[in-house]
Amino acid sequence: MSTIEKLYDFFNSVIPRELSCEWDNDGRMCIPNPEKNINKVLICLDVTNGVIDYAIQNNFDCIISHHPIIFDPVRNIDASNPLGKKICSLIKNDISVFSFHTRLDKVEGGVNDVLSELFGLQNVTSFSYVGRMGQVSPMSLVSFAENVKNKISADKVICVDGGKIVSKIAIVGGSGKGYLAEAKECGCDTFVTGELPFNYEHEARELGLNLVCGGHYFTENIVCARIEKLVKEFDAHIFTEIIESNPAFVI
């Protein structure tokens, strides 16, 4: 039988903990019963109250997310605060949670490889610790940004024109803070990420680097399909569902 523990062991073997950044906390988040048989797995970017409620209402045994539900050290479990309430609900309803964060950014086939494939990058290589870089047929920044927006189903994208034709691209899904200078040093003309603090938009222009920010959620939510595929590789009989967990909207 497929159990919680066996599913986690499988994920830990294909997305090993050694790939995680030292500051990260991912992997086993909440395991009320490791020997519980798994029939249904819910997949999301973030474990929100809405996600947990849906899992409870629909009898899911496990939630697998990209962002860790527990990131900072937990000093107490108190249902009167948001995190404590989530953990209590999960344990009470015997629902396990796994989260695969920076290791899923870096691993082959992870967040940045999915983005590279969606954007049509060729000759893809590693960029920095977790990113990817590659080439596309030369095009304008507007044409490339429109492609990014469509491929990740983003509400909008934010662009900075560095005065270059798009040809060689560096990608870091989620937060790309701190990678602009390295992208320039690697000979890239364009940097794609989810979000950056405002001052980095000025830095990109000053470096002569095109910048495309597609939103933290949208540049990472695309990996949920990859997580679902891995669950099916482990056991094709497990029912899986991907649920949206974006708390924001654009008007």
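## The surroundings of F60

In this predicted model, leaving out residues up to four places away in sequence, F60 touches K40, V41, L42, Y54, A55, I95, F239 and E241. F60 is found in the loop between α2 and β3, and its relative accessible area is 2%, so F60 counts as buried. One of the residues that F60 touches is K40; F60 and K40 are 20 residues apart in sequence, and their C-alpha atoms are 4.9 Å apart in space.

The loop between α2 (49-57) and β3 (62-65) also holds N59. N59 has a relative accessible area of 58% and is therefore exposed, whereas F60 is buried. The phi of N59 is near 60°, which is a positive value in a residue other than glycine.

## The buried side of helix α1

Helix α1 covers residues 4-14, and within this helix I4, L7, Y8 and F11 are buried. Because these residues cover an arc of only 95° around the axis, they are on the same side of α1. The elements that cover the buried residues of α1 include the strands β1 (27-30), β2 (40-44), β3 and β4 (96-99), together with the helices α4 (102-106) and α10 (224-234).

## The six-stranded sheet

Six strands form an open sheet in the order β5-β6-β8-β9-β10-β7, and the pairing in this sheet is mixed. At its edges are β5 (122-127) and β7 (158-160), each of which pairs on one side only. Direction ignored, neighbouring strands of this sheet are turned by 25° against each other on average. Two helices can be described against this sheet. Helix α5 (residues 111-118) packs on the sheet and touches β5, β6 (131-139) and β8 (166-175), and the direction of α5 makes about 145° with that of β8. Helix α6 (residues 141-152) packs on the sheet as well, where it touches β6, β7, β8, β9 and β10, and its direction makes about 20° with that of β10.

G163 lies in the loop between β7 and β8 and, with a relative accessible area of 61%, is exposed. Between G163 and T48 there are 40 Å in space, C-alpha to C-alpha, and the two residues are 115 residues apart in sequence.

## Strand β10 and its two partners

Strand β10 (residues 210-213) pairs with strand β9 (residues 190-195) in the parallel sense, over four bridges. In this pairing V192 stands opposite V212, and the bridge partner of F191 in β10 is L211. The pairing of β10 with β7 is antiparallel and runs over three bridges, with I158 opposite C213 of β10.

In a regular strand the side chains alternate between the two faces of the sheet.

## T193 in strand β9

T193 has its place in strand β9, and it counts as buried because its relative accessibility is 1%. Two polar contacts can be given for its side chain. A polar atom of the T193 side chain lies 2.7 Å from the backbone oxygen of V172, and the side chain of T193 also reaches the backbone nitrogen of G176, at 3.0 Å.

Leaving aside neighbours within four places in sequence, T193 is in contact with V172, G173, G174, S175 and G176, with L211, V212, C213, G214 and G215, and with T219.

Notes: Residues numbered from 1 in each chain as written. Predicted model: local features only at pLDDT ≥ 70, side-chain atom pairs only at ≥ 80, totals over all residues. Heavy atoms only, no water. Pairing = 2+ DSSP bridges. Axes fitted to C-alpha atoms, helices over the stretch in contact; angles between N-to-C directions. Contact = heavy atoms within 4.5 Å. Buried < 20%, exposed > 50% of the residue type's maximum accessible area, 1.4 Å probe, protein only. Polar contact = N/O pair within 3.5 Å; in protein donor to acceptor, adjacent residues only side chain to side chain. Arc of directions from axis to C-beta.
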